[in-house]
Structure formats: structure tokens, C-alpha cells
Amino acid sequence: MSIQGMSKEHIMEIRSKNINPMTSKITYYKKPVFIHQGHMQWLWDMDGRRYLDLFAGVATVAVGHCHPKVTAAVEKQLKKLWHTTNIYVNAPLHEYCEKLASHLPDPLKVIYLTNSGSEANDLAMLMARIHTGNYDIITFRGSYHGGSQQTMGLTSQSSYKYPIATSSGCTHTMCPDVFRGPWGGSHCRDSPVQTIRQCSCAQGQCMANEQYIGQLKETFAASVPSRVAGFFGEPIQGMGGAVQYPKNYFKEAYKLVREKGGVCIADEVQTGFGRTGTHFWGFQGYGILPDIVTMAKGIGNGFPMAAVVTTPEIAASFAKAYHFNTFGGNSVACAVGSAVLDVRIKEDGLQQNCHHVGTYLMTELAKLRDKHKIIGDVRGKGLQIGVEMVKDKVLSYAEPSSWRPTVAVVRRSHICIHDRDIKRTHAAQETTITTAVVTHDKLLWGVPSADTGYRQRGKV
Ligand SMILES: Cc1ncc(COP(=O)(O)O)c(C=O)c1O
């Protein structure tokens, strides 16, 4: 079987010789799947087999593969103008920026278009430092903010770190993880599924939040100077395992950070564009207002684009030197971005879909958690969902060899999911189910095969 005259053997030869070797290390499936085509939530391989894509190109294909309206918008723009640069005045750039700004609350109205989430976070770090005149930036342990040399310092996962000097001035505070961290109960998180931990907090109180905020205070007292540049937070920690925090954490953390002179940055690369269902941005679910928001992935439905949005005040501080990139604001990218916003918001009601389908999926997965010893936790919001594997219902480390076969069964049922072996502070792994446009009827197919996967481990 071949695609465009290329055999599978030849493709694999190219992969091993000419492509970033990391891709060969983590190629999913023992016998790789040769993806050939996509339409909405479906992918097809070279042999014509169809897959339900719950992975969505690492949580990126926000409105579905080759969505007809987005494809039509790209085709139209490709015939008109590919690129000028944002130095020239051109309609697609301005149409897009106006539209994107209309989805952000005041005063978050100034947009910098970039090419990737890493570049967006690089820029946000720089802005925070220039605006405040301070240097130190705090983020959570277990966070992922990018792979550039600058963001590598911010990212807190050893597997993404090289033994070189990365950005200094990045400090990682304890992640307020209410499932695996030292504190957490059965009311802490903003999710249809709570942890199986018990909770004795009185109404309106959250002991776990107080403890985790105490840890942030410790970080301020011990690890950074008295003034800081900023605090980064993913509203839900994506690559760290769809980790959710106590509901009031960010509100209190933002207050503390601002008292220390810092700005607050929401990394919405994973949580943005309605994926969490209840709101368009993850931060809105916490009732907070960041000073800088970074976004990528879902912004372009797979087209390489990203953005930083900030306030006029921060933008004015940042205007002390030129900031320029060639492709930010590319005409085709802006046409894609505009079409994604139209489809995502107005036409297909995908934010509501994320809410309804995500709630349904988490509820079904929670039933599997109650049935199978290997599932310690099901969590998330909308269609950002994590399933954490454990050893016999306790928090101890489940060897990848004990859960990878489960993932393999799900994948053999032609469902694409994302698995990560994350040895977090206390050692854990999880499987993240990230999804684009998926409907209940499609999931009715997915959940039983997950059940089969867990059952086949013989651990019911
Ligand atoms: C939360 C978060 N921030 C930043 C990034 C980096 O984005 P990119 O891969 O586009 O550089 C990622 C990528 O997975 C991410 O999940």
C-alpha cells in the first residue's frame, strides 16, 4: 500500500534517517498507523481504516479536521494574498485582531501574533520582565510552557530539559494538585467528577486551598526576591496530566503576585477557545483577570499560529524597542483564525458541545474508575480530560508496563488518545483524552472499548 507513490517501508526509512529522532522514539502503536486523511473527528490510515480522533493533534484541531468552512476560507485567501507582514496594512490581519479582541475582556485588547505557543510564552516572559522591571517568574511544578531555550526554564518536566543553562529566574512552586498532592478533598475542583478523597471542610472553606497558597507564600519567602516579574499558570495543567486546582487558588495567588509587583499570565494554549466548555477562556472559570494571556493550538485548528494578548499599559512598556516577527499576522493564518472563531463560536456551537459531551464522557469514565482498580482519578472540564492510572487504587506508582496494554486496547479499537508517563512530584502517570468535535453517539463507541481495555488487564 502506498500514499502518493510512497511505500510504508520508504516512509519509515525517511522517518529513521531524516526526521527528528524523538518522533521515532514515541511513535504510537507497535505497528505505526500511517495517517492519510482527516475529516472532522475522523482520521483514516493508508489502508482505509477509520479512527476516532480523541487526540486532535495534541489538543489542536479545535473545530475538526479539514472543517469545510475553514478550508473554504483558506482556499479563498490563498488565491488572494499569502503574506505581506504586519508592517503593511492588510484586511485579514485587522479583521482577525478585531474579532479575537472581541472575545477577551477589557483591558486585554492588544494582540501580538506569533507562530507557536513557545514563542508566545517567550514573549510573555519578556513582556512581564520589561513591564515590571523585575526578573523572577513563578510557575507550577509539572507545568509545560514550551520547548524553546527560554520556556524550557519555565517548563517543569525533566523529560523536556537538556543539560544546559536555560532561562534563569524561573521558580517552580508546588502544584495545587488536589488528587495527588498532599491536600485535597471531594469538593475542591471545578469538574463534574471529584477526587475519591474525603473532605471535612465547612461550607465555603477549602483547607487544601489554604495549604497550597501557604506553599506559594513559602516560595515567595524562600526562593525569589521581594519583587517578581510574574506568575504563569495553565488554568488546567495540560501536559502535566489535566491537573486541576482548588477553585479559589488563582484568585488568591494573583493577589499575592500583584502585591509583589508581578503580572499574572494565563497560559491558555490548551484551555482556550472554549475547550473547557463553560467559558471561552479557562481563566474565566476562576473569576480572575490575567494581565497577559497566551494562546496557540486551537487558535488555528492545526495551522501554525499563536498569540499573546495584553493590556495597553503593558504594551506601552513593551514598546521601548521594536518587537518584530516575519510571520506573525500572516494573511492566510489570519483567515484561518477568523474562520475558526466563526465556526467555533457562532455556527457549530462547539463550546457547548465541549461542555455537554465532556461532562458525559467524564461521568462515564468515572463509572469505570469505580469499577477498575487501575484508575485512580478521572478529572477535567469540558473536553480536557485526564484519566490517571495508579497501582491498585492507591496513589503508588503504576509501572507503564501495567497500563500501556490498556491504552493499546483502546487504540486497537481505532480511538486515538494521548498517553503520558509523568513521574510527577509523587510519581504518577496519566492518560489524557483530548478531543475536538466529538458527539455522544461517537463516544458510545469509545467508552465500552476503554472498559474492555481496563478489563483485559484482569484487574476488575
Ligand atoms: C500549556 C502549553 N503551553 C505552551 C505550549 C507550547 O506550544 P507549542 O508546542 O506551540 O510551542 C504547549 C504545548 O503543548 C502547552 O501545552
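Reader: Which helix does Thr-406 lie in?
Author: Thr-406 lies in helix H13, residues 400-412. Keep in mind that this is a predicted model.

Reader: Is Thr-406 buried or exposed?
Author: Buried. The cut-off is 20 or more other C-beta atoms within 10 Å. Thr-406 has 24, so it counts as buried.

Reader: And how far apart are Thr-406 and Lys-320 in space?
Author: They are 54 Å apart, C-alpha to C-alpha. In sequence, 86 residues separate Thr-406 and Lys-320.

Reader: Switching to the ligand. Which residues come nearest?
Author: Ser-116, Gly-117, Ser-118, Gly-146 and Val-269, out of 16 residues around the ligand.

Reader: Which helix gives the largest share of that shell?
Author: Helix H6, residues 117-132, with three residues.

Reader: How does the shell divide into nonpolar, polar and charged?
Author: Six nonpolar, eight polar and two charged.

Reader: OK, domains. What are the bounds?
Author: Domain 1 takes 33-62 + 350-455, and domain 2 takes 70-347. Their C-alpha centres lie 24 Å apart.

Reader: How many residues does each domain put into the contact?
Author: Domain 1 gives 34 residues, and domain 2 gives 34 residues.

Reader: On the domain 1 side, what gives the most?
Author: H12, with nine residues. That helix spans 350-371. Strands S13 (375-381) and S14 (384-389) are among the other elements that each supply at least two.

How values were computed: Residues numbered from 1 in each chain as written. Predicted model: local features only at pLDDT ≥ 70, side-chain atom pairs only at ≥ 80, totals over all residues. Near = placed C-beta within 6 Å. Helix = DSSP H or I, 4+ residues; strand = E, 2+ residues; numbered from the N terminus. Nonpolar A, V, L, I, M, F, W, Y, C, P; charged D, E, K, R; others polar. Domains from an automatic or database assignment. Contact = placed C-beta atoms within 7 Å. Buried ≥ 20, exposed ≤ 12 C-beta atoms within 10 Å, placed from the backbone.
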